Amino acid sequence: LLLCTGAGFSADSGLAVYNDIAKVPAYANRQLSYRDICQPHFLDSDPDLFYGFWGGCFNDYRKTQPHEGYHIVATWRDSKNSTDAADRIRRHIQASNETSEYKLNAEAYNVDPHYCAGSFFAYTS
């Protein structure tokens, strides 16, 4: 099962959509839009802008409580993950994470690890 959502799915939780995410005085004063701020050159030319913007987005996602739609999707995910095949996939991913330098540290990011691996993935923009 593949579920694709857009920014509107997260907006129902109170997160800004792309059209509004950069509408804050600091960016408006510099006449920067979301599209402008997303340019990777800011990592070198203006790291404060780059990290400020992406850090703000990251923090917004961490502190926002999901709406009921996320719980519905989690129910679908859990029903799809209740098979032996899903358990084998989770064990394989877990073993890969243990041997990789790019481990998924769910606790460090305050993420429910059940949202991270299985035969059903729930991603939103």
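## A buried aspartate and its partner

The side chains of Asp46 and Arg30 meet in a polar contact of 2.8 Å. Asp46 sits in the loop that connects α5 and α6. Is Asp46 buried or exposed? Its relative accessibility is 17%, so Asp46 counts as buried. Keep in mind while looking at this contact that the model is predicted.

Gln31 is not a glycine, yet its phi is positive, at about 55 degrees. Most residues other than glycine have a negative phi. Gln31 belongs to the loop between α3 and α4 (34–37), and with a relative accessible area of 72% it is exposed.

## The overall fold

Let's step back to the whole chain. The protein chain has 8 helices and 0 strands, so its elements, read from the N terminus, simply run α-α-α-α-α-α-α-α. Of its 125 residues, 22% count as buried. The accessible surface comes to about 9,000 Å², and carbon and sulfur atoms account for 54% of it.

## Aromatic pairs between helices

The structure holds 5 aromatic pairs. One of them is formed by Phe9 and Tyr70, whose ring centres are 4.7 Å apart. Why is this pair classed as tilted? The planes of the two rings stand at 55 degrees, and an angle has to be over 60 to count as edge-to-face and under 30 to count as stacked. The pair links distant parts of the chain, since Phe9 lies in helix α1 (residues 7–11) and Tyr70 in helix α7 (residues 68–80), 61 residues apart. Tyr70 counts as buried, at 17% relative accessibility.

Tyr27 and Phe53 make an edge-to-face pair, with 5.8 Å from centre to centre and 75 degrees between the planes. Which parts of the chain does this pair tie together? Tyr27 is in helix α3 (residues 25–28) and Phe53 in helix α6 (residues 47–63), so the two parts are 26 residues apart in sequence. Tyr27 and Phe53 are both buried. They also belong to one aromatic cluster together with Tyr34 and Trp54.

Tyr34 has another tyrosine to look at. Tyr18 and Tyr34 are 16 residues apart in sequence, while their C-alpha atoms are 6.6 Å apart in space. Tyr18 lies in helix α2 (residues 18–21) and is partly exposed, with a relative accessible area of 41%.

## Ser13 and its surroundings

Ser13 brings us back to Tyr70. This serine is in the loop between α1 and α2, and at 18% relative accessibility it counts as buried. Which residues does Ser13 touch, not counting those up to four places away in sequence? They are Thr64, Gln65, Pro66, His67 and Tyr70. With His67 there is a polar approach as well: a polar atom of the Ser13 side chain lies 3.0 Å from the backbone nitrogen of His67.

A search of the whole structure finds 0 disulfides.

The chain averages a pLDDT of 75, and 66% of the residues score at least 70. Which elements have the lowest and the highest mean pLDDT? Helix α8 (residues 84–99) has the lowest, at 69, and helix α5 (residues 42–45) the highest, at 94.

The pLDDT is below 50 over residues 114–125. Beyond near neighbours in sequence, this stretch has 37 contacts in the model.

Terms used
Residues numbered from 1 in each chain as written. Predicted model: local features only at pLDDT ≥ 70, side-chain atom pairs only at ≥ 80, totals over all residues. Heavy atoms only, no water. Disulfide = S-S within 2.5 Å. Helix = DSSP H or I, 4+ residues; strand = E, 2+ residues; numbered from the N terminus. Buried < 20%, exposed > 50% of the residue type's maximum accessible area, 1.4 Å probe, protein only. Areas by Shrake-Rupley, 256 points an atom, 1.4 Å probe, with all protein chains shown as cover. Phe/Tyr/Trp six-rings, centres within 6.5 Å; stacked < 30°, edge-to-face > 60°. pLDDT = per-residue confidence, 0-100. Contact = heavy atoms within 4.5 Å. Polar contact = N/O pair within 3.5 Å; in protein donor to acceptor, adjacent residues only side chain to side chain.
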